[in-house]
Amino acid sequence: MIEIKDLHKSYKMGSNSLHVLKGINFSVKEGELVAIMGSSGSGKSTLLNILGMLDEADSGTYFLDNVPIKGLNETKAAKYRNKFLGFVFQSFNLINYKTALENVALPLYYQRKNRKERAEKAMDYLSKVGLAEWATHLPSELSGGQKQRVAIARALAADPKVLLADEPTGALDSKTSYEVMDIIQTINDEGKTILVVTHEPDIADMCKRIVHLKDGVIVEDKPVKQIRASQYV
Ligand SMILES: Nc1ncnc2c1ncn2[C@@H]1O[C@H](COP(=O)(O)OP(=O)(O)OP(=O)(O)O)[C@@H](O)[C@H]1O
């Protein structure tokens, strides 16, 4: 599904250059639930922005569903992004004047689904995250965890092949964080490929595999089960 090889990225700042990603290699198969973990400044967001086609690497290759991303022009890239990738952000990014249902229906509007289909599908996705009863509420009337669940339902409504979540629990207390991760696990159990960027080890632990980034290089890439087993020997 995702294959990246020898990815490098630097940021230019005046005459200086900050080398942030220093030769990243990894691949993600369909149906995986992967945490990209690392401390602040390790390069997680930079990597996620490249994976999300919001930014380009300086060198290296990135194949998404066997298509090389570098060769795409902007229009094609946008189409490809909308078709393949769904995003969930730390700050939810909901539209404040739209109800929960309308927020979830938005990608369906862009897919030119008719009104009835939009309402039905959006309701299905809201139900999936346990918020059917909150359909007519505005984001301001929802808790942080509920807002994130609406954001997840919205991302799913576009039926992306891969869900990219950037610190999805970063603005939530631990109990609510676990509830949101429970939903992410359920969606993954149903087959969705998901990448979760986090700096919190207990959130990474709720994924199936952890890619540990440190100073722009991958220092560990292992299934969670294997990491847990090695902790008990
Ligand atoms: N647009 C930019 N211009 C210049 N430097 C940047 C830019 N974006 C990020 N950086 C720098 O690149 C390094 C990696 O940043 P990045 O945001 O990828 O790390 P991160 O692991 O996601 O950190 P955090 O958890 O704090 O978000 C940091 O030193 C940051 O200051």
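Predicted model: local features only at pLDDT ≥ 70, side-chain atom pairs only at ≥ 80, totals over all residues.
Axes here are lines fitted to C-alpha atoms, with angles from 0 to 180 degrees between N-to-C directions.

Select its 6 strands, which run in the order 6-7-8-3-9-10 with mixed pairing. Strand 6 (85-89) and strand 10 (217-223) sit at the edges with a single partner strand each, so one side of each has no neighbour in the sheet. On average, neighbouring strands are turned by 15 degrees against each other, direction ignored.

Now go to strand 3 (residues 33-37) and strand 8 (residues 193-198), a parallel pair held over 5 bridges. Click V34 and look across to strand 8: its bridge partner there is L195.

Next, the largest nonpolar core. It has 59 residues, and I36, V104 and L195 make the most contacts inside it. What does V104 touch, neighbours within four places in sequence aside? Show A122, Y125, L126, V150, A153, R154 and A157.

Last stop: the ligand. Of the 13 residues around it, Y11, S40, K44, S45 and T46 come nearest. Strand 1 (2-13), strand 2 (16-28) and helix 1 (44-51) each supply at least two residues of this shell, and helix 1 gives the largest share, 3 residues. Colour the shell by type and you get 4 nonpolar, 8 polar and 1 charged.

Conventions
Residues numbered from 1 in each chain as written. Core = buried A, V, L, I, M, F, W, Y, C linked by C-beta atoms within 7 Å. Buried ≥ 20, exposed ≤ 12 C-beta atoms within 10 Å, placed from the backbone. Contact = placed C-beta atoms within 7 Å. Near = placed C-beta within 6 Å. Helix = DSSP H or I, 4+ residues; strand = E, 2+ residues; numbered from the N terminus. Nonpolar A, V, L, I, M, F, W, Y, C, P; charged D, E, K, R; others polar. Pairing = 2+ DSSP bridges.
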